Amino acid sequence: MLAQEVYDTVVQHLFAQGKPAYGYYSEEETVGDSGCGYRIGELKCAVGCLIPDNVYRRDMENQSVKNLVDHWVVPPYFEYHIPLLNKLQTVHDSSRNWEHDNPEKGWNYANLAEDLLEAAYLFNLIPNILTRELITQIRIPTKEA
């Protein structure tokens, strides 16, 4: 997978999901701190959405992308895109992109888009997918008859 494809896949996923992968890892694990994860129930983070279901293991949680590459069988392109994956993960986890005390409220799309745009420019990517996803978030008022 090329860097552009990684970026496009992650942007589409984050917008489609509408909120971060944040909380407890399962309904049985509701003690202690909640947080971001590759997988939180059905939710997936920026990197988690790229880990195939048949590859994902619970012990991958709290590991860096570099550790995933070094210690688990992940898609080969992970190794080539560690800096990009780290940046996209940082965008997902950033407190400016969603309310940490109310993750169910969803993304702050303006901040999320700004950070994803920055990622595109840092890695010489074309942010066309970001534009398309933002357009779907705009609510155009209709005239009432």
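Residues are numbered from 1 along each chain as its sequence is written, and side-chain values use heavy atoms, with hydrogens and water left out. In this predicted model, local features need pLDDT of at least 70 and side-chain atom pairs count only at pLDDT 80 or more, while totals for chains, interfaces and linings use all residues.

Helices (H or I, at least four residues) and strands (E, at least two) are taken as DSSP runs, numbered from the N terminus. Helix α1 (residues 3-17) has 15 residues, and its span from first C-alpha to last, 21 Å, is close to the 21 Å expected at 1.5 Å a residue, the expected span being 1.5 Å times one less than the number of residues. Buried residues (under 20% relative accessible area, with exposed over 50% and partly exposed in between, for a 1.4 Å probe and protein chains only) in α1 are V6, Y7, V10, V11, H13, L14, F15 and Q17. These buried residues pack against β4 (43-44), α3 (77-80), α4 (82-93), α5 and α6 (128-137), where contact means heavy atoms within 4.5 Å. The residue that follows α1 is G18, which has a positive phi, near 80°.

The axes of α1 and α5 (residues 109-122) come within 12 Å and cross at roughly 175°; axes are lines fitted to C-alpha atoms, for helices over the stretch in contact, and angles run from 0 to 180 degrees between N-to-C directions. The two helices α1 and α5 are therefore roughly antiparallel to each other, a term for angles over 145 degrees, whereas those under 35 count as roughly parallel, 65 to 115 as roughly perpendicular and the rest as oblique. From α1, Y7, V11, L14 and F15 meet Y109, L112, L116, L117, A119 and A120 of α5.

Salt bridges (a side-chain nitrogen of Lys or Arg within 4 Å of a carboxyl oxygen of Asp or Glu) number 9 by this rule. One of them joins E104 and K19 at 2.6 Å, N to O, and links the loop between α4 and α5 to the loop between α1 and β1 (22-23), the partners being 85 residues apart. With 54% relative accessibility, E104 counts as exposed. Another pairs R39 with D53 at 3.0 Å, N to O; R39 is buried at 9% relative accessible area, whereas D53 is exposed at 57%. Within helix α2, D70 and K66 lie 4 residues apart, about one turn of the helix, and their closest N and O atoms are 3.0 Å apart.
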